[in-house]
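Okay, thanks for letting me go today. Have a look at the sequence and the model on the screen, and then I'll walk you through the parts I liked.

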Amino acid sequence: MSGLSARMGARRWGAVVRSWSLTRQFAVTGGAIMLLAMVVEGLFTAEIIARNTIDRKAATTALFMDSILSPLAHHLAAGDVLPVKERAELDRLLGREDFRSRFPHVEIWKDGGLVAYSTTPGLIGRRFYPPAGMVEAMQGEVSARYADLEADEHEIRGFTSRYLEIYSPIREHHTGRIIAVAEIHEATEPLERRLWWLRLKSWLARIGATGLIMAGLFWIVYRGSRTIMTQQRQLGERMADVERTSQHNRALRERVQRASGRVSELTECYLRGFGAELHDGPAQLVGLAALKVEHVRRAGTDAQREEELQVLDSVLEEAQRDIRALSKGLMLPEIEGLPLAEVIGRAARAHERRTGTAVAVRCESVFQAVPDAVRICAYRFVQEGLNNAFRHAGGNGQTVVCEVEDNVLCLAVEDEGGTGIHRPAGPDSGLGLVGLRERAESLGGTFRIGKAPGGGTRIEMTLALAGGGQDG
(Lines give C-alpha, C1' and ligand atoms only; values in the text may rest on other atoms or scores of the structure.)
Protein backbone atom coordinates (compact mmCIF):
# COMPACT_ATOMS: atom_id res chain seq x y z
CA MET A 1 0.00 0.00 0.00
CA SER A 2 2.86 2.38 0.79
CA GLY A 3 4.37 1.82 -2.68
CA LEU A 4 0.99 2.42 -4.35
CA SER A 5 0.46 5.58 -2.30
CA ALA A 6 3.93 6.82 -3.26
CA ARG A 7 3.23 6.21 -6.96
CA MET A 8 -0.17 7.95 -6.74
CA GLY A 9 1.43 10.89 -4.96
CA ALA A 10 4.16 11.10 -7.60
CA ARG A 11 1.55 11.07 -10.36
CA ARG A 12 -0.49 13.80 -8.69
CA TRP A 13 2.65 15.89 -8.19
CA GLY A 14 3.62 15.33 -11.83
CA ALA A 15 0.14 16.41 -12.95
CA VAL A 16 0.39 19.57 -10.82
CA VAL A 17 3.82 20.42 -12.27
CA ARG A 18 2.61 19.84 -15.85
CA SER A 19 -0.29 22.23 -15.22
CA TRP A 20 2.15 25.05 -14.38
CA SER A 21 3.40 27.51 -16.96
CA LEU A 22 6.95 27.12 -18.30
CA THR A 23 8.05 30.15 -16.31
CA ARG A 24 6.76 28.70 -13.06
CA GLN A 25 8.22 25.27 -13.81
CA PHE A 26 11.62 26.86 -14.47
CA ALA A 27 11.40 29.06 -11.38
CA VAL A 28 10.68 26.06 -9.13
CA THR A 29 12.76 23.28 -10.68
CA GLY A 30 15.57 25.49 -11.99
CA GLY A 31 15.71 27.40 -8.72
CA ALA A 32 15.91 24.17 -6.71
CA ILE A 33 18.65 22.76 -8.95
CA MET A 34 20.69 25.96 -8.91
CA LEU A 35 20.27 26.26 -5.13
CA LEU A 36 21.48 22.69 -4.66
CA ALA A 37 24.38 23.29 -7.05
CA MET A 38 25.25 26.52 -5.24
CA VAL A 39 25.25 24.79 -1.84
CA VAL A 40 27.37 21.86 -3.04
CA GLU A 41 29.83 24.11 -4.85
CA GLY A 42 29.89 26.52 -1.90
CA LEU A 43 30.71 23.80 0.59
CA PHE A 44 33.40 22.42 -1.68
CA THR A 45 34.89 25.87 -2.33
CA ALA A 46 34.68 26.86 1.34
CA GLU A 47 36.60 23.74 2.31
CA ILE A 48 39.29 24.53 -0.27
CA ILE A 49 39.52 28.13 0.96
CA ALA A 50 39.79 26.99 4.59
CA ARG A 51 42.42 24.39 3.72
CA ASN A 52 44.50 26.87 1.73
CA THR A 53 44.25 29.44 4.51
CA ILE A 54 45.33 26.91 7.12
CA ASP A 55 48.22 25.74 4.93
CA ARG A 56 49.42 29.31 4.43
CA LYS A 57 49.10 29.91 8.14
CA ALA A 58 51.09 26.72 8.86
CA ALA A 59 53.82 27.69 6.40
CA THR A 60 54.14 31.13 7.95
CA THR A 61 54.25 29.77 11.50
CA ALA A 62 56.73 27.04 10.52
CA LEU A 63 59.03 29.62 8.94
CA PHE A 64 58.80 31.79 12.01
CA MET A 65 59.48 28.90 14.47
CA ASP A 66 62.31 27.58 12.33
CA SER A 67 64.22 30.77 12.99
CA ILE A 68 63.92 30.07 16.74
CA LEU A 69 64.50 26.32 16.79
CA SER A 70 67.16 25.87 14.08
CA PRO A 71 70.06 26.86 16.47
CA LEU A 72 69.09 23.85 18.61
CA ALA A 73 69.46 21.36 15.77
CA HIS A 74 72.95 20.13 16.75
CA HIS A 75 71.83 19.57 20.38
CA LEU A 76 68.84 17.57 19.17
CA ALA A 77 71.09 15.51 16.91
CA ALA A 78 73.45 14.75 19.80
CA GLY A 79 70.91 13.33 22.29
CA ASP A 80 67.39 12.09 22.78
CA VAL A 81 66.25 15.12 24.75
CA LEU A 82 67.25 18.76 24.71
CA PRO A 83 69.95 19.64 27.31
CA VAL A 84 68.82 21.45 30.44
CA LYS A 85 70.56 24.72 29.61
CA GLU A 86 69.07 24.97 26.12
CA ARG A 87 65.72 23.86 27.53
CA ALA A 88 65.75 26.70 30.06
CA GLU A 89 66.69 29.23 27.37
CA LEU A 90 63.88 27.98 25.16
CA ASP A 91 61.42 28.07 28.09
CA ARG A 92 62.38 31.68 28.74
CA LEU A 93 61.88 32.59 25.08
CA LEU A 94 58.59 30.78 24.63
CA GLY A 95 57.29 31.89 28.00
CA ARG A 96 57.05 35.51 26.97
CA GLU A 97 53.47 36.82 27.01
CA ASP A 98 53.31 37.61 23.29
CA PHE A 99 54.50 34.06 22.44
CA ARG A 100 52.36 32.28 25.00
CA SER A 101 49.15 34.00 23.95
CA ARG A 102 49.74 32.90 20.37
CA PHE A 103 51.53 29.58 20.88
CA PRO A 104 50.38 28.12 24.25
CA HIS A 105 52.15 24.77 23.79
CA VAL A 106 55.24 23.66 21.87
CA GLU A 107 56.76 20.16 21.62
CA ILE A 108 59.75 18.76 19.81
CA TRP A 109 59.38 15.17 18.71
CA LYS A 110 62.11 12.71 17.88
CA ASP A 111 61.69 9.65 15.71
CA GLY A 112 59.64 6.90 17.37
CA GLY A 113 57.31 9.29 19.25
CA LEU A 114 59.91 10.50 21.82
CA VAL A 115 59.26 13.98 23.25
CA ALA A 116 62.62 15.78 23.25
CA TYR A 117 61.20 19.05 24.53
CA SER A 118 57.83 20.38 25.69
CA THR A 119 56.51 23.47 27.41
CA THR A 120 54.87 20.90 29.70
CA PRO A 121 57.92 19.46 31.54
CA GLY A 122 56.12 16.22 32.48
CA LEU A 123 56.12 15.09 28.84
CA ILE A 124 59.87 15.41 28.24
CA GLY A 125 61.50 12.02 27.67
CA ARG A 126 58.27 10.12 27.36
CA ARG A 127 57.16 8.21 24.31
CA PHE A 128 53.68 8.43 22.77
CA TYR A 129 52.01 7.11 19.70
CA PRO A 130 53.40 9.28 16.87
CA PRO A 131 50.79 11.80 15.67
CA ALA A 132 49.86 11.68 11.97
CA GLY A 133 51.18 15.23 11.47
CA MET A 134 54.51 14.22 12.89
CA VAL A 135 54.78 11.28 10.48
CA GLU A 136 54.14 13.65 7.55
CA ALA A 137 56.64 16.18 8.85
CA MET A 138 59.31 13.46 9.16
CA GLN A 139 58.83 13.05 5.39
CA GLY A 140 59.74 16.74 4.92
CA GLU A 141 56.22 18.27 4.66
CA VAL A 142 54.83 21.07 6.81
CA SER A 143 51.34 19.99 7.88
CA ALA A 144 48.57 21.48 9.96
CA ARG A 145 45.43 20.04 11.54
CA TYR A 146 43.18 20.57 14.51
CA ALA A 147 44.26 18.84 17.72
CA ASP A 148 42.93 15.41 18.54
CA LEU A 149 41.68 15.81 22.11
CA GLU A 150 41.73 12.03 22.63
CA ALA A 151 45.47 11.71 22.03
CA ASP A 152 47.39 10.50 25.11
CA GLU A 153 49.65 13.54 25.37
CA HIS A 154 46.59 15.82 25.26
CA GLU A 155 44.60 13.83 27.80
CA ILE A 156 47.51 14.09 30.25
CA ARG A 157 47.36 17.88 30.01
CA GLY A 158 43.53 17.93 30.04
CA PHE A 159 43.11 19.77 26.73
CA THR A 160 39.60 21.15 26.19
CA SER A 161 40.34 23.54 23.30
CA ARG A 162 41.03 22.34 19.79
CA TYR A 163 44.28 24.10 18.98
CA LEU A 164 45.70 24.24 15.49
CA GLU A 165 48.62 21.81 15.48
CA ILE A 166 51.40 22.80 13.07
CA TYR A 167 54.15 20.24 12.45
CA SER A 168 57.42 21.60 11.04
CA PRO A 169 60.52 19.47 10.32
CA ILE A 170 63.84 20.48 11.99
CA ARG A 171 66.84 19.76 9.76
CA GLU A 172 70.50 19.31 10.52
CA HIS A 173 72.51 22.27 9.22
CA HIS A 174 75.15 20.58 7.10
CA THR A 175 73.36 17.45 5.94
CA GLY A 176 69.78 18.68 5.73
CA ARG A 177 68.71 15.50 7.46
CA ILE A 178 65.45 15.72 9.43
CA ILE A 179 66.38 15.06 13.03
CA ALA A 180 63.22 16.20 14.83
CA VAL A 181 59.74 17.67 14.33
CA ALA A 182 58.44 20.79 16.06
CA GLU A 183 54.75 20.67 17.06
CA ILE A 184 53.34 24.16 17.61
CA HIS A 185 49.87 24.56 19.15
CA GLU A 186 48.44 27.84 17.89
CA ALA A 187 45.29 29.52 19.24
CA THR A 188 42.47 29.27 16.71
CA GLU A 189 40.38 32.33 17.60
CA PRO A 190 42.08 34.73 15.12
CA LEU A 191 42.15 32.03 12.46
CA GLU A 192 38.49 31.16 12.98
CA ARG A 193 37.52 34.81 12.69
CA ARG A 194 39.46 35.12 9.46
CA LEU A 195 37.95 31.92 8.09
CA TRP A 196 34.47 33.12 9.05
CA TRP A 197 34.91 36.36 7.10
CA LEU A 198 36.37 34.52 4.12
CA ARG A 199 33.43 32.09 4.09
CA LEU A 200 30.94 34.94 4.43
CA LYS A 201 32.45 36.87 1.52
CA SER A 202 32.59 33.70 -0.56
CA TRP A 203 28.93 32.87 0.12
CA LEU A 204 27.80 36.45 -0.57
CA ALA A 205 29.67 36.48 -3.90
CA ARG A 206 28.28 33.05 -4.75
CA ILE A 207 24.69 34.03 -3.87
CA GLY A 208 24.99 37.24 -5.90
CA ALA A 209 26.40 35.43 -8.94
CA THR A 210 23.76 32.68 -8.69
CA GLY A 211 21.01 35.29 -8.34
CA LEU A 212 22.21 37.16 -11.44
CA ILE A 213 22.45 33.94 -13.47
CA MET A 214 18.99 32.86 -12.27
CA ALA A 215 17.50 36.28 -13.07
CA GLY A 216 19.00 36.26 -16.58
CA LEU A 217 17.82 32.72 -17.31
CA PHE A 218 14.39 33.49 -15.81
CA TRP A 219 14.01 36.52 -18.08
CA ILE A 220 14.94 34.45 -21.15
CA VAL A 221 12.54 31.66 -20.17
CA TYR A 222 9.82 34.21 -19.33
CA ARG A 223 10.07 35.82 -22.76
CA GLY A 224 10.18 32.42 -24.45
CA SER A 225 7.19 31.25 -22.40
CA ARG A 226 5.21 34.34 -23.39
CA THR A 227 6.06 33.74 -27.04
CA ILE A 228 5.06 30.07 -26.78
CA MET A 229 1.81 30.94 -24.98
CA THR A 230 0.98 33.55 -27.63
CA GLN A 231 1.69 31.05 -30.40
CA GLN A 232 -0.36 28.39 -28.59
CA ARG A 233 -3.27 30.81 -28.25
CA GLN A 234 -3.03 31.76 -31.93
CA LEU A 235 -2.73 28.09 -32.88
CA GLY A 236 -5.80 27.31 -30.76
CA GLU A 237 -7.74 30.09 -32.47
CA ARG A 238 -6.66 28.82 -35.87
CA MET A 239 -7.59 25.27 -34.93
CA ALA A 240 -11.00 26.54 -33.78
CA ASP A 241 -11.38 28.38 -37.11
CA VAL A 242 -10.37 25.23 -38.98
CA GLU A 243 -12.85 23.19 -36.94
CA ARG A 244 -15.64 25.69 -37.64
CA THR A 245 -14.73 25.74 -41.32
CA SER A 246 -14.65 21.94 -41.37
CA GLN A 247 -18.08 21.75 -39.74
CA HIS A 248 -19.39 24.34 -42.19
CA ASN A 249 -17.91 22.39 -45.12
CA ARG A 250 -19.49 19.18 -43.81
CA ALA A 251 -22.85 20.93 -43.55
CA LEU A 252 -22.44 22.32 -47.07
CA ARG A 253 -21.43 18.90 -48.40
CA GLU A 254 -24.49 17.33 -46.83
CA ARG A 255 -26.69 20.08 -48.28
CA VAL A 256 -25.11 19.61 -51.70
CA GLN A 257 -25.65 15.85 -51.50
CA ARG A 258 -29.29 16.33 -50.49
CA ALA A 259 -29.77 18.95 -53.18
CA SER A 260 -28.15 16.74 -55.82
CA GLY A 261 -30.42 13.87 -54.84
CA ARG A 262 -33.44 16.16 -54.91
CA VAL A 263 -32.41 17.52 -58.33
CA SER A 264 -32.20 13.96 -59.61
CA GLU A 265 -35.67 13.22 -58.26
CA LEU A 266 -37.11 16.42 -59.73
CA THR A 267 -35.43 15.74 -63.05
CA GLU A 268 -36.89 12.23 -63.07
CA CYS A 269 -40.34 13.63 -62.26
CA TYR A 270 -39.93 16.22 -64.98
CA LEU A 271 -38.89 13.56 -67.50
CA ARG A 272 -41.91 11.45 -66.56
CA GLY A 273 -44.15 14.49 -67.01
CA PHE A 274 -42.48 15.27 -70.30
CA GLY A 275 -42.99 11.68 -71.42
CA ALA A 276 -46.64 11.91 -70.43
CA GLU A 277 -46.95 15.15 -72.40
CA LEU A 278 -45.43 13.45 -75.45
CA HIS A 279 -47.67 10.42 -75.04
CA ASP A 280 -50.88 12.35 -74.43
CA GLY A 281 -50.22 15.08 -77.00
CA PRO A 282 -47.99 14.56 -80.07
CA ALA A 283 -48.06 10.75 -79.82
CA GLN A 284 -51.89 10.70 -79.87
CA LEU A 285 -51.95 13.13 -82.77
CA VAL A 286 -49.41 11.04 -84.69
CA GLY A 287 -51.58 7.97 -84.01
CA LEU A 288 -54.62 9.85 -85.30
CA ALA A 289 -52.63 10.87 -88.42
CA ALA A 290 -51.79 7.18 -89.04
CA LEU A 291 -55.52 6.38 -88.99
CA LYS A 292 -56.21 9.26 -91.37
CA VAL A 293 -53.71 7.78 -93.82
CA GLU A 294 -55.91 4.70 -94.06
CA HIS A 295 -58.98 6.95 -94.62
CA VAL A 296 -57.17 8.74 -97.44
CA ARG A 297 -56.33 5.37 -99.01
CA ARG A 298 -60.00 4.31 -98.88
CA ALA A 299 -61.45 7.60 -100.17
CA GLY A 300 -63.78 6.90 -103.07
CA THR A 301 -63.62 10.27 -104.73
CA ASP A 302 -61.09 13.00 -105.19
CA ALA A 303 -63.17 15.33 -103.01
CA GLN A 304 -63.19 12.86 -100.10
CA ARG A 305 -59.48 12.24 -100.54
CA GLU A 306 -58.79 16.01 -100.46
CA GLU A 307 -60.91 16.43 -97.34
CA GLU A 308 -59.09 13.63 -95.55
CA LEU A 309 -55.72 15.05 -96.61
CA GLN A 310 -56.66 18.44 -95.14
CA VAL A 311 -57.64 16.80 -91.86
CA LEU A 312 -54.36 14.83 -91.90
CA ASP A 313 -52.41 18.03 -92.56
CA SER A 314 -54.08 19.85 -89.65
CA VAL A 315 -53.43 16.92 -87.28
CA LEU A 316 -49.74 16.74 -88.23
CA GLU A 317 -49.38 20.52 -87.94
CA GLU A 318 -50.87 20.43 -84.43
CA ALA A 319 -48.51 17.56 -83.49
CA GLN A 320 -45.58 19.57 -84.82
CA ARG A 321 -46.62 22.61 -82.75
CA ASP A 322 -46.87 20.49 -79.62
CA ILE A 323 -43.44 18.93 -80.22
CA ARG A 324 -41.85 22.36 -80.74
CA ALA A 325 -43.51 23.71 -77.61
CA LEU A 326 -42.22 20.78 -75.57
CA SER A 327 -38.72 21.05 -77.03
CA LYS A 328 -38.62 24.77 -76.42
CA GLY A 329 -38.60 24.27 -72.64
CA LEU A 330 -35.72 21.79 -72.85
CA MET A 331 -33.32 23.73 -75.02
CA LEU A 332 -31.02 26.48 -73.82
CA PRO A 333 -29.62 29.18 -76.09
CA GLU A 334 -25.88 29.01 -76.81
CA ILE A 335 -24.40 30.50 -73.60
CA GLU A 336 -21.04 28.73 -73.36
CA GLY A 337 -18.20 31.26 -73.12
CA LEU A 338 -20.55 34.25 -72.79
CA PRO A 339 -20.08 36.80 -70.00
CA LEU A 340 -22.48 36.29 -67.11
CA ALA A 341 -24.14 39.67 -67.74
CA GLU A 342 -24.89 38.61 -71.35
CA VAL A 343 -26.36 35.28 -70.19
CA ILE A 344 -28.72 37.09 -67.80
CA GLY A 345 -29.61 39.63 -70.52
CA ARG A 346 -30.49 36.83 -72.97
CA ALA A 347 -32.83 35.21 -70.45
CA ALA A 348 -34.56 38.55 -69.84
CA ARG A 349 -34.94 39.32 -73.60
CA ALA A 350 -36.31 35.84 -74.30
CA HIS A 351 -38.95 36.40 -71.61
CA GLU A 352 -39.85 39.78 -73.10
CA ARG A 353 -40.36 38.20 -76.56
CA ARG A 354 -42.43 35.36 -75.18
CA THR A 355 -44.71 37.40 -72.91
CA GLY A 356 -44.69 40.87 -74.44
CA THR A 357 -43.73 42.43 -71.07
CA ALA A 358 -40.81 44.65 -70.07
CA VAL A 359 -37.91 43.51 -67.84
CA ALA A 360 -35.47 45.92 -66.14
CA VAL A 361 -31.96 44.47 -65.86
CA ARG A 362 -29.34 45.90 -63.47
CA CYS A 363 -26.23 43.76 -63.82
CA GLU A 364 -22.68 44.85 -63.17
CA SER A 365 -19.71 43.38 -65.01
CA VAL A 366 -18.27 40.23 -63.46
CA PHE A 367 -14.49 39.85 -63.60
CA GLN A 368 -14.24 36.48 -61.83
CA ALA A 369 -14.08 33.16 -63.66
CA VAL A 370 -17.58 31.70 -63.93
CA PRO A 371 -18.08 27.95 -64.59
CA ASP A 372 -20.68 26.81 -67.14
CA ALA A 373 -22.72 25.24 -64.33
CA VAL A 374 -23.11 28.70 -62.76
CA ARG A 375 -24.12 30.21 -66.15
CA ILE A 376 -26.79 27.54 -66.65
CA CYS A 377 -28.05 27.97 -63.08
CA ALA A 378 -28.22 31.76 -63.51
CA TYR A 379 -30.11 31.43 -66.82
CA ARG A 380 -32.66 29.01 -65.36
CA PHE A 381 -33.02 31.16 -62.23
CA VAL A 382 -33.84 34.28 -64.26
CA GLN A 383 -36.09 32.27 -66.59
CA GLU A 384 -38.12 30.69 -63.79
CA GLY A 385 -38.18 33.87 -61.69
CA LEU A 386 -39.57 35.93 -64.55
CA ASN A 387 -42.09 33.20 -65.39
CA ASN A 388 -43.36 33.36 -61.79
CA ALA A 389 -43.46 37.19 -61.90
CA PHE A 390 -45.50 37.04 -65.11
CA ARG A 391 -47.77 34.25 -63.85
CA HIS A 392 -48.52 35.67 -60.38
CA ALA A 393 -47.96 39.44 -60.77
CA GLY A 394 -48.90 40.00 -64.40
CA GLY A 395 -45.33 41.07 -65.21
CA ASN A 396 -45.61 44.28 -63.17
CA GLY A 397 -42.23 45.78 -62.32
CA GLN A 398 -40.18 42.76 -63.41
CA THR A 399 -36.57 43.45 -62.40
CA VAL A 400 -33.40 41.41 -62.51
CA VAL A 401 -30.49 42.49 -60.24
CA CYS A 402 -27.00 40.98 -60.43
CA GLU A 403 -24.21 42.03 -58.04
CA VAL A 404 -20.82 40.58 -57.06
CA GLU A 405 -19.10 41.33 -53.75
CA ASP A 406 -16.07 39.48 -52.32
CA ASN A 407 -16.32 36.78 -55.03
CA VAL A 408 -19.96 36.08 -54.11
CA LEU A 409 -22.64 36.39 -56.81
CA CYS A 410 -26.02 37.70 -55.68
CA LEU A 411 -28.74 37.28 -58.32
CA ALA A 412 -32.33 38.41 -57.63
CA VAL A 413 -35.63 38.61 -59.53
CA GLU A 414 -38.41 40.77 -58.10
CA ASP A 415 -41.77 42.25 -59.10
CA GLU A 416 -44.19 44.86 -57.79
CA GLY A 417 -47.08 42.48 -57.22
CA GLY A 418 -50.52 42.65 -58.85
CA THR A 419 -53.03 40.27 -60.33
CA GLY A 420 -51.59 37.69 -62.63
CA ILE A 421 -53.33 35.85 -65.42
CA HIS A 422 -53.07 32.53 -63.49
CA ARG A 423 -52.46 30.49 -66.60
CA PRO A 424 -51.28 26.93 -65.99
CA ALA A 425 -47.58 26.26 -66.16
CA GLY A 426 -46.46 25.09 -69.57
CA PRO A 427 -43.68 22.74 -70.43
CA ASP A 428 -41.26 25.67 -70.69
CA SER A 429 -41.85 26.82 -67.16
CA GLY A 430 -38.88 24.92 -65.68
CA LEU A 431 -38.84 22.98 -62.45
CA GLY A 432 -40.39 25.68 -60.21
CA LEU A 433 -39.02 27.34 -57.09
CA VAL A 434 -38.20 24.02 -55.46
CA GLY A 435 -36.04 23.15 -58.43
CA LEU A 436 -34.31 26.53 -58.24
CA ARG A 437 -33.53 26.01 -54.55
CA GLU A 438 -32.07 22.57 -55.25
CA ARG A 439 -30.04 23.92 -58.19
CA ALA A 440 -28.51 26.68 -56.02
CA GLU A 441 -27.76 24.41 -53.08
CA SER A 442 -26.27 21.72 -55.34
CA LEU A 443 -23.63 24.34 -56.30
CA GLY A 444 -23.01 25.28 -52.68
CA GLY A 445 -25.18 28.39 -52.78
CA THR A 446 -28.30 29.61 -50.97
CA PHE A 447 -31.83 30.46 -52.07
CA ARG A 448 -34.25 32.87 -50.38
CA ILE A 449 -37.75 34.11 -51.14
CA GLY A 450 -39.37 37.12 -49.52
CA LYS A 451 -41.00 40.49 -50.02
CA ALA A 452 -39.59 43.02 -52.47
CA PRO A 453 -39.15 46.70 -51.45
CA GLY A 454 -42.01 47.63 -53.82
CA GLY A 455 -44.42 45.25 -52.12
CA GLY A 456 -44.12 42.35 -54.52
CA THR A 457 -42.07 39.16 -54.35
CA ARG A 458 -38.31 38.82 -54.45
CA ILE A 459 -36.38 35.61 -54.99
CA GLU A 460 -32.62 35.68 -54.43
CA MET A 461 -29.76 33.30 -55.05
CA THR A 462 -26.14 33.60 -53.82
CA LEU A 463 -23.22 31.58 -55.21
CA ALA A 464 -19.49 31.70 -54.48
CA LEU A 465 -17.40 32.38 -57.61
CA ALA A 466 -13.83 31.24 -58.25
CA GLY A 467 -11.41 34.18 -58.19
CA GLY A 468 -8.87 34.72 -60.88
CA GLY A 469 -9.43 35.26 -64.54
CA GLN A 470 -11.89 37.56 -66.14
CA ASP A 471 -15.34 36.22 -66.96
CA GLY A 472 -15.32 35.23 -70.56
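Let's start with a term: a nonpolar core is a set of buried Ala, Val, Leu, Ile, Met, Phe, Trp, Tyr and Cys residues joined through side-chain atoms within 4.5 Å. Buried, here, means under 20% relative accessible area, exposed means over 50%, and partly exposed is anything in between, with a 1.4 Å probe and protein chains only. Before we use that, note that this is a predicted model, where local features need pLDDT of at least 70, side-chain atom pairs count only at pLDDT 80 or more, and totals for chains, interfaces and linings use all residues. Residues are numbered from 1 along each chain as its sequence is written, and side-chain values use heavy atoms, with hydrogens and water left out.

So, the big picture. The protein has 472 residues, and 35% of them count as buried. There are 13 helices and ten strands; these are DSSP runs numbered from the N terminus, with helices being H or I of at least four residues and strands being E of at least two. A contact means heavy atoms within 4.5 Å. Take the contacts with a separation of 6 or more: 66% of them are between residues 24 or more positions apart.

Now, which residues touch the most other members of the largest nonpolar core? They are Phe381, Val400 and Leu411, in a core of 31 residues. Helix H11 (340–355), helix H12 (372–393), strand E7 (399–405), strand E8 (408–414), helix H13 (432–442) and strand E10 (457–464) each give this core at least two residues. H12 has the largest share, with seven. There's also a second, separate core of 20 residues, and Met65, Leu72, Val106 and Ala116 are among its members.

Let's zoom in on Val400. If we skip its neighbours within four places in sequence, Val400 is in contact with several residues, including Ile344, Val361, Leu386 and Leu411.

Next up is strand E7. Is E7 largely enclosed or open? It's largely enclosed by the rest of the structure, because five of its seven residues are buried. On one pairing, E7 goes with strand E6 (residues 360–363) in the parallel sense, over four bridges. Strands count as paired, by the way, if DSSP finds at least two bridges between them. E6, H12 and E7 together make a left-handed β-α-β unit. To get the handedness, point the strands away from you: a crossover is right-handed if the path from the first strand over the helix to the second runs clockwise.

E7 also pairs with E8, this time antiparallel, with seven bridges. In that pairing, Thr399 stands opposite Glu414. E7 and E8 form a hairpin with two residues between them. In the loop between these strands we find Asp406 and Asn407. Asp406 has a positive phi near 55°, and it isn't a glycine. Asn407 isn't a glycine either, and its phi is positive too, at about 65°. Asp406 counts as exposed, at 69% relative accessibility, while Asn407 is partly exposed at 30%.

Okay, cysteines. Cys363 stands opposite Cys402 in E7. Cys363 is partly exposed, with 25% relative accessible area, whereas Cys377 is buried at 3%.

Now over to another hairpin. Strand E1 (residues 105–110) and E2 run antiparallel, joined by four bridges. Strand E2 (residues 114–118) has five of its five residues buried, so it is largely enclosed by the rest of the structure. Glu107 has Ser118 in E2 as its bridge partner. There are three residues between these strands, and Gly112 in this hairpin takes a positive phi near 95°.

Two last stops. Pro83 sits in the loop between helix H3 (73–78) and helix H4 (84–94), and counts as partly exposed at 32% relative accessibility. Its C-alpha is 9.2 Å from that of Tyr117, although the two residues are 34 residues apart along the chain. And in H13, the buried residues are Gly435, Leu436, Glu438, Ala440 and Glu441. Just after H13, Gly444 takes a positive phi of about 85°.
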